[in-house]
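Subject: Structure for your review

Dear colleague,

Please find below the structure that I am handing over to you. My findings follow it, and I would ask you to read them with the structure open.

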Amino acid sequence: MTLQQQIVGNAMQMAVCTLNPGQTVYCEAGKFLFKTANVSMETRLGGPGTRGSGGVGQQGGGGGGMGGLLRQAVGTAMQVGQRALAGESLAFQYFTASGGEGTVGFAGVLPGEMRALELTGSRAWFAEKDAFVAAEDTVQFGIAFAGGRQGMSGGEGFILEKFTGHGTVIIAGAGNFIDLNPADFGGRIEVDTGCIVAFEEGIQYGVQRIGGLNRQGIMNAVFGGEGLSLATLEGNGRVILQSMTIEGLANALKKAQGGDKQGPTGGLFSTHTG
């Protein structure tokens, strides 16, 4: 069943989902807003397919007696461990309608846009950490680590949320969204690492250093506000960027509260000691 959803609002959007009887959606803990009385709510540690408060229990078709329970427990523990390592919420909340249509609302945690992505099973989607809001239980949630060689060469790693399967997944970001395809710009775009919201499988992600350890490279890092690296996105596929970075929003709030004593150059010349 296709998830019926409507994204409403402007500066701080929310997703209002209509569930058919028996249909289930899940969200990251803290993204739920409201529901109708005929929608049940259950919190689990595991992803779609697990049951019970700890993600282990009666699962249709699981079979295998104690061996099946052990495998399921190990799988759940691995999921939770990955999410903890990535700094994600440890639990999901599941919502199922019964006795008729039900309604449930979700939102992100920052002022900005939301987007519903439709997965057909042919391509996965990758999103920045904390972008996930909610999805049908036919969508699998995972963690991907873009580190290793990229992290060593670029000076930073990148933790991604990965969505596979069939169905609707709803993501959120800060500010306004823009959709781009690197193929329309010579096959490659270079992006502030904090501006990436999501991209389709088939897009190659990397990190490159801005210039060398020379005068211009130091000027870029200290005065340009971008640090030492940019993200690179190459290939043919959909990319979603956001106009506001979490770091930029945090710095603006600190400055408005009088807690940021930076001079006009900021960065290394900050006099803030709090």
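A residue is called buried when its relative accessible area is under 20%, exposed when it is over 50%, and partly exposed in between. In this predicted model, buried residues make up 42% of the 274 residues in the protein chain. The accessible surface of the chain comes to about 13500 Å², and carbon and sulfur atoms account for 56% of that surface.

The secondary structure of the chain consists of 4 helices and 18 strands. Among the contacts in the chain with a separation of 6 or more, 76% are between residues 24 or more positions apart.

Next, the cysteines. How many disulfides does the structure hold? The number is 0. A disulfide is a covalent bond between the sulfur atoms of two cysteines, and the cut-off used here is a pair of cysteine sulfur atoms within 2.5 Å. For Cys17, the closest cysteine sulfur is that of Cys27, and it is 9.8 Å away, which is too far for a bond. Cys27 is likewise in no disulfide, its nearest cysteine sulfur being that of Cys17. Cys17 is buried, with a relative accessible area of 0%, and Cys27 is also buried, with a value of 0%.

Gln93 belongs to strand β6, which covers residues 92–97. Is Gln93 buried or exposed? Its relative accessibility is 15%, so Gln93 counts as buried.

Gly202 is found in a loop, between strands β15 (196–200) and β16 (204–209). With a relative accessibility of 37%, Gly202 counts as partly exposed. Not counting residues up to four places away in sequence, Gly202 touches Glu234 and Gly235. The C-alpha atoms of Gly202 and Asn236 are separated by 7.0 Å, although these two residues are 34 residues apart along the chain.

Finally, I looked at the second largest pocket, whose volume is about 170 Å³. Its lining is formed by 14 residues, and those nearest the centre of the pocket are Val109, Leu110, Asp130, Ala131 and Ile246. By class, the lining has 6 nonpolar, 3 polar and 5 charged residues.

Yours sincerely

Definitions and conventions:
Residues numbered from 1 in each chain as written. Predicted model: local features only at pLDDT ≥ 70, side-chain atom pairs only at ≥ 80, totals over all residues. Heavy atoms only, no water. Buried < 20%, exposed > 50% of the residue type's maximum accessible area, 1.4 Å probe, protein only. Helix = DSSP H or I, 4+ residues; strand = E, 2+ residues; numbered from the N terminus. Contact = heavy atoms within 4.5 Å. Areas by Shrake-Rupley, 256 points an atom, 1.4 Å probe, with all protein chains shown as cover. 1 Å grid on protein atoms, 1.4 Å probe; cavity = no way out; pocket = protein on both sides within 12 Å on 5 of 7 lines; lining within 4 Å. Points joined across faces, edges and corners; volume = space filled by probe spheres on them. Nonpolar A, V, L, I, M, F, W, Y, C, P; charged D, E, K, R; others polar.
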